Amino acid sequence: MAHTSHLGEFEQMVLLAVLRLRDDAYAVPIREELAQRAGRRIARGALYTTLERLEAKGYLRSTFSEPTAERGGRSRRYFLVTAYGLAALRTSREALRRMYEGLDRLLGENR
Amino acid sequence: LTPPRWAERLLSTAVDPSWRDSIAGDLREEYLARPAGRWRDVWYCFEAMRLAVRLGLRRRPARNGEGFVTSFLSDLKYALRNVIRQPGYSLVVAVTLALGLGLNAAVFGMIDALILRPFQFRDYQRLVILWGTTRGGAEFETVSPANFLDLRRQARSVERITAWGWWDATLTGREEPERLQGFRVSPGFFELLGIAPALGRTFTEDEARPGHDRTVVLSDGLWKRRFGGDPGVVGRDILVDGSQYRVVGIAPPHFQFPMGAEVWGPLAFSPQHAFEREARMLTVAAKLAPGRTPEDAQAEMTLLARSLERQYPEVNRGRGVAVRWWRAPISPGCCWPARWTASANWRCAPRSARAARASCGNS
């Protein structure tokens, strides 16, 4: 079953993109969201692999829409962040926050 | 308005079924969002192939465990690491495998030639080999030119008596010189076996005369390998053993009798050879005359051999002639059927060799 553990940077971004897109979170807009907001142009294959992994870990859950003619009679696969996914995001954010703590002046000088 | 079907099929085939619809649908959606034109199709094909490769390699079967391709690649890596780490052991394994596979292929080739697919010569049930014998029939040997000519002239129970002898031919004049497995065959050799040339003709009686024997028939393999399968080579001169020989015919595919022959020339006897009784270098075959049995032929050959013994006692004393079906054992002490020497050499040896080479290469 799923465990609440630290997430990789890309996994966090994908989960955050899914949260942001709310009811419209399927692969195409997720990829656009990552490109626009995070400036990351990622390969489609990498995104599907990550989505699959996050779902297998229990951080995401997917549902299928009705098939549409526009998609050649195929469904969209929408994603939702599960409670485990939210907990993992919080844990990762907290870990990062602790790591950044006390480094504001140093990091500010580098900017 | 639809993406290239082959690319869509490729993607659907490569991707895990649980993701197939969503991924193919997403890509189609993006395809329709792009400006129409040829570049859109190119873009789709490129992206579909990228996805197929990336996701196909990670594809997992329905059950737990790694996908076949992933598992195969990791096995391959593991094997290569072990080969590098233990080269001596790997060499022993490779040699053992090569020998095993080669032997296996050879045995199968023999079974194939002897049992599964026997002779394809026409009327092979009537084909016999005429062996010279010594020590009252205890040993078998080949036949001298003069004895062959006498038998051919006098025998009535058999027809189309023909003979062949080794010819170590060297093909020159084109590319690298090449040593060929050749045979000098008497006219009627191909007709005896019921083999018609794929191109051109076989040898005429006239070509069995010294000075008229500079003609050759090429095997299909040699023709394709050295002459690119050019039909124009028939009627052209080629250099064999430093002399010009005219190509008169091309044998049908796979015919390489006897002993994997690649080139055949006419067997012409000079006056000196025609009287040669001591150099026993010819294998003699014949077809039983209609209505005659091997026993009839044997009775006649025994009489002819006695006659030859009386005429030339110094070289034919104690010698006889044995008639054997190509299917029959060639001697009481030898369980290899004569068919082996004919069929196996023609069909089995080259095939086994090829299979063995492939096995060795693969292992």
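Modeller: With confidence. This is a predicted model. Chain B averages a pLDDT of 81, and 83% of its residues score at least 70.

Colleague: Where in chain B does pLDDT stay under 50?

Modeller: Over residues 328–353 of chain B, for which the model has 56 contacts beyond four places in sequence. Residues 359–363 of chain B are also below 50, with 7 contacts beyond near neighbours in sequence. Where pLDDT is low, the predicted coordinates should not be read in detail.

Colleague: What ipTM and pTM does the predictor give the complex?

Modeller: An ipTM of 0.88 and a pTM of 0.49.

Colleague: Now the interface. How much area do chain A and chain B bury between them?

Modeller: About 2,000 Å², with 52% of it on carbon and sulfur atoms. Then ask who supplies it. A:R44, A:Y48 and A:R74 account for 36% of the area chain A buries against chain B, more than any other three residues.

Colleague: How many residues are in contact on each side?

Modeller: 22 in chain A and 21 in chain B.

Colleague: How many salt bridges does the rule find across the interface?

Modeller: 7 between chain A and chain B. One pairs B:D26 with A:R71; their closest N and O atoms are 2.8 Å apart.

Colleague: Which elements of chain A give two or more residues to the side touching chain B?

Modeller: Helix 2 (27–38), helix 3 (44–57) and strand 2 (77–81). Helix 3 of chain A gives the most, with 8 residues. By type, that side of chain A divides into 9 nonpolar, 4 polar and 9 charged residues.

How values were computed
Residues numbered from 1 in each chain as written. Chains lettered and ligands numbered in written order. Predicted model: local features only at pLDDT ≥ 70, side-chain atom pairs only at ≥ 80, totals over all residues. Heavy atoms only, no water. Contact = heavy atoms within 4.5 Å. Buried area = accessible area lost by both parts, 1.4 Å probe. Salt bridge = Lys/Arg side-chain N within 4 Å of Asp/Glu carboxyl O. Helix = DSSP H or I, 4+ residues; strand = E, 2+ residues; numbered from the N terminus. Nonpolar A, V, L, I, M, F, W, Y, C, P; charged D, E, K, R; others polar. pLDDT = per-residue confidence, 0-100.
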